[in-house]
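Please read these points with the model open beside you.

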Amino acid sequence: MNTENIRADIAAFADSEESVLIDKSFVVFQRERQEYTCRLVESVPGQLDIEVNGTRMPYYRFLAEELGRLSVLAESIRQKRKDVVPYIDTQALLTDSSGRDSAPGSALGILERKCAERSPMETALVFLTAEAGEGKTALLRRLTQRRATEYGQGKANSLLLHIDTQGRSFVRLEEAVARELGQLRISGLFYSGVVRLIRRGLLAIAIDGFDELLAEVGSGEAYSGLGAFLRQLGGSGIVIAAARSAYFQTENYAAQTRLLSELPDVQVSVEQMRLKKWEREQTVAFFSRYRNEATGNRILDPEALYDELARLVGETHVILQRPFLVYTMARMLASTPGSAQEIVRGMGDSGLQIVPFVIKSFLKREVEEKW
């Protein structure tokens with residue numbers, strides 16, 4: 001680690017870049033109008049420590065806690081960002097830059113491994129794709145909460161910052177990051193600091209609703225903005241961009257990702273992670289764990305309920321395969337007294353009222369909350 005990297009790290013959190021002075025092993029800077037004098041010490045070959053106010057710690061801990069305040073950020077995420085309950089994991093496929101698919105696996109597990117891994121030679125960009133209502137946002141919310149909890153317990157050395165751009169008119173990623181940090185009320189952490197933390201592998205970032213940026217500002221500008229952000233990362237860090245599958249089919253995803261992979265002077269690996277539709281196992285598991293928020297009622301005999309619905313609409317119907325639709329249906333059935341299976345049967349084969357109700361709720365969500 002050279003002097004210029006250390007200067008760039010500290011300058012991202014200092015009151016002014018010009019206020020950072022490094023003379024031999026001493027570092028002086030101002031932050032929030034308070035002056036700090038630190039001393040750099042190499043205790044063993046390759047391990048850099050720093051002394052601050054008489055306390056000695058590894059440099060990366062100084063960067064994460066004294067400057068980045070990641071413990072504060074982790075606690076704020078746990079308190080201010082709602083978890084997904086119940087959460088049912090989804091199967092996913094990971095496609096590398098050569099077009100090869102991995103074996104299906106846990107979506108949560110795949111993304112968590114991506115966030116934990118860190119290559120010092122390249123930025124890892126993962127496009128998370130699925131159809132509307134198939135659980136992209138729920139997956140990112142759950143992973144954000146899990147990383148925050150594990151960081152607080154000392155089981156993880158990095159966090160995931162979930163930037164939700166859905167329904168927002170953001171032109172630049174910097175604006176979205178500033179809004180998220182403002183809502184979390186993290187003082188002294190700004191966009192420049194987020195970039196340095198990502199570069200150092202202490203923070204990963206998930207841009208949720210990248211397809212809406214494509215629609216808002218146009219694909220060329222959105223990808224150009226993403227390219228500019230990747231250049232700021234300088235060939236390190238983890239970036240997740242979530243979007244509906246349809247946009248990658250219409251916006252020439254393959255050509256755009258080749259351009260991102262070939263950015264000058266920046267090494268970027270691009271992968272696509274595709275969520276699979278729910279099958280009987282996941283839908284029944286959700287029915288089993290769901291509790292109505294208002295009444296606390298649960299669904300009786302979830303397996304029989306699934307079988308009855310599958311008989312009426314078919315196992316491949318969207319209301320049994322997309323998590324948001326399953327949730328909407330479960331909320332309706334659990335709020336009605338009596339057996340959910342009996343309620344469904346009472347609707348009749350030809351007049352299954354639950355289907356248009358669920359679809360209408362889905363469309364309302366897409367228009368009012370997402371767009």
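1. In strand E10 (residues 203–208), both faces are covered: Leu203, Ile205 and Ile207 on one side and Ala204, Ala206 and Asp208 on the other are all buried. Buried means under 20% relative accessible area, with a 1.4 Å probe and protein chains only. In a regular strand the side chains alternate between the two faces of the sheet. Strands here are DSSP runs of E with at least two residues, helices are runs of H or I with at least four, and both are numbered from the N terminus.

2. This is a predicted model, in which local features need pLDDT of at least 70 and side-chain atom pairs count only at pLDDT 80 or more, while totals for chains, interfaces and linings use all residues. Residues are numbered from 1 along each chain as its sequence is written, and side-chain values use heavy atoms, leaving out hydrogens and water.

3. Ile205 of E10 stands opposite Leu161, and its bridge partner in E11 is Val239.

4. Strand E6 (91–95) has four of its five residues buried. E6 pairs in the antiparallel sense with strand E7 (residues 105–106) over two bridges. E6 also runs antiparallel to strand E12 (residues 268–275), joined to it by four bridges. Ala92 has Gly105 as its bridge partner in E7 and Leu275 as its bridge partner in E12.

5. Helix H12 (residues 280–289) has Gln282, Thr283, Val284, Ala285, Phe286 and Phe287 buried. What covers these residues? The cover includes strand E6, helix H13 (302–313), helix H14 (318–321) and helix H15 (323–334).

6. The axes of helix H1 (residues 3–11) and helix H2 (residues 59–67) come within 11 Å and cross at roughly 15 degrees. Axes are lines fitted to C-alpha atoms, for helices over the stretch in contact, and angles run from 0 to 180 degrees between N-to-C directions. H1 is therefore roughly parallel to H2, a term for angles under 35 degrees.

7. Ile6, Asp9 and Ile10 of H1 make the contact with Tyr59, Phe62, Leu63 and Leu67 of H2, where contact means heavy atoms within 4.5 Å. By class, the contact has six nonpolar, no polar and one charged residues. Ala, Val, Leu, Ile, Met, Phe, Trp, Tyr, Cys and Pro count as nonpolar, Asp, Glu, Lys and Arg as charged, and the others, Gly among them, as polar.

Technical notes:
Buried < 20%, exposed > 50% of the residue type's maximum accessible area, 1.4 Å probe, protein only. Parallel < 35°, antiparallel > 145°, perpendicular 65-115°, else oblique. Pairing = 2+ DSSP bridges.
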